[in-house]
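Please work through each task before reading its solution.

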Amino acid sequence: MRHYLLISALAVLALVQFWVPAFASNQSNDLPLAAGICVNRANQLIQTGKPNEAVKVLQKFQDQQNGKNHYYIDFMLGNCFMMMDEMDKTQPDQTYVDQAAAAYEKAVAKQPNLSPAWLNLAQCLYTQGKMAKAARAFIRGYDTAEVKNADTLYYASACWFFSNNYKAALDTFNLLLDRHKTLVKLEWKEILVNTLFALDKNRQALPWLKELAQQCTGKKQKQWQEVLLYHYVTLGMDKEALSFALYLTRNDPGEPKWWKSLAHIHLGKNRLEKGLQSLMIYGFLTPLTPSETILLADLYSACNIPLEAARCYENWVAHADDTSYKKEENTLKVLDKIMKIAVAYMHGGDKDAALAWADRGLSLKTHPGLLRFKADLLFRDKRYGAACDAYEDLADFKPEQGRAWLMAGYAAWNLGQFDKAAKAFELAADHPKQNRTAKNALGQIRKIKAAHVGMDSLILSKKQQE
């Protein structure tokens, strides 16, 4: 994808509707007498707002000439059709424009140096969407004109751009700069920048892009500032990107997009705390999207601010509640965020909230990750009975079985339930990763049980001796 497509939201160019036909009064001096009389009559009708009547006069004269009429008759006829197009919008499609174009083509075929006819033909071709032909007509109009007009080269460059002939567009605009540099308007440079983007000459576009970002005003200035910042980033100009983003946030602090851009610039260089600060300000200025909420939560977590991370994750889950997460894929996304909420509360020292969120997630789906988290949290809190039950539930998931039975054994051991612990260790020993640890624990359990049996026998013996 070429870079200029990334700014399709910008008004790249809008050719003005200059439907005032160019005239060529000095070209009518060589008219034969009959043709001159016809032209004068047509001009009188045009001046009284009757170009349709002028067409009838001109076409009648053409018929009388058997196709050998003067080129100026064709030119006048084209002008009348252009005027009629402006006056009468009831005609379907571009009937008058098509007729005007045909008339101008006849005129320039007879008189190739008739600049006004070329310019008017170019306007017709542009309206017809024939951009390449319009560009060529504008250039012919420029080349044959006695007074060279900068606007004509600009229109030609724009038409080349719209026809996707970007090289010709650039060559024409360079000619405009070479011959009329002081007359080039700021808005014209938009077509130059987009042409350079289309040719992947992004670095070459930077000086013009800076000028647009500095000198445009209002909404358009923000658009070009955004494009300039984007190109600093994509071209790897890190220093310039950071400097410009800081400038934008200082000079327009109420614009959310600058803070978001600054956040991404910092995050791209792993400056997490600064990225978090910028994203926080962005969040104060505009509501965060779900993905932005998660990013903010992840940054809080990475910067060791767990309770704020939990709050952001909770906001995301609340939004998911509103939009329904009954589908399997959505449920898994919610469970992932609930796990992060529970972990954040645990790191923040609120074990009760952590456990409550784990239970909330498990009420949606028996999820091994949440079940493991819950069991471990209960075990660390010395709530061994509940922990043992959770580990036994976790053992229903094959990948978790070895560790789950091992931890269930330890929980039962802490409760003094040695038979239950021994059974759990035996099951854990069937798994290679837990085999050695489980067997060692099982051996200790058996020794404890044997000691208990020996102690019970000794007590019984003493009682019998007494």
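**Aromatic pairs and charges over rings**

Phe379 and Tyr391 are both buried. They belong to a predicted model, in which 14 aromatic pairs are found.

**Exercise 1.** Classify the geometry of the pair formed by Phe379 and Tyr391, and state which helices the pair links.

*Solution.* The ring centres of Phe379 and Tyr391 are 6.4 Å apart, and the cut-off for a pair is within 6.5 Å. Their planes stand at 70°, and an angle over 60 degrees counts as edge-to-face. The pair is therefore edge-to-face. Phe379 lies in helix 19 (residues 368-380) and Tyr391 in helix 20 (residues 384-394), so that distant parts of the chain, 12 residues apart, are linked.

**Exercise 2.** Classify the pair of Phe75 and Tyr104, and locate both residues.

*Solution.* The centres of the Phe75 and Tyr104 rings are separated by 6.0 Å, and their planes meet at 55°. Because of this angle, the pair is tilted. Phe75 is part of helix 3 (residues 71-87), whereas Tyr104 is part of helix 4 (residues 95-110). The pair therefore ties together parts that are 29 residues apart in sequence. Phe75 and Tyr104 are both buried.

**Exercise 3.** Which residues do ring pairs link into a cluster?

*Solution.* The cluster consists of Phe138, Tyr154, Tyr155 and Trp188.

**Exercise 4.** Where do Lys148 and the charged end of Lys337 lie?

*Solution.* Lys148 is placed over the face of Tyr142, 5.5 Å from the ring centre. The charged end of Lys337 is over the ring of Trp316, at 4.8 Å from its centre.

Key: Residues numbered from 1 in each chain as written. Predicted model: local features only at pLDDT ≥ 70, side-chain atom pairs only at ≥ 80, totals over all residues. Heavy atoms only, no water. Phe/Tyr/Trp six-rings, centres within 6.5 Å; stacked < 30°, edge-to-face > 60°. Helix = DSSP H or I, 4+ residues; strand = E, 2+ residues; numbered from the N terminus. Buried < 20%, exposed > 50% of the residue type's maximum accessible area, 1.4 Å probe, protein only. Lys NZ or Arg CZ within 6 Å of the ring centre and 35° of its normal.
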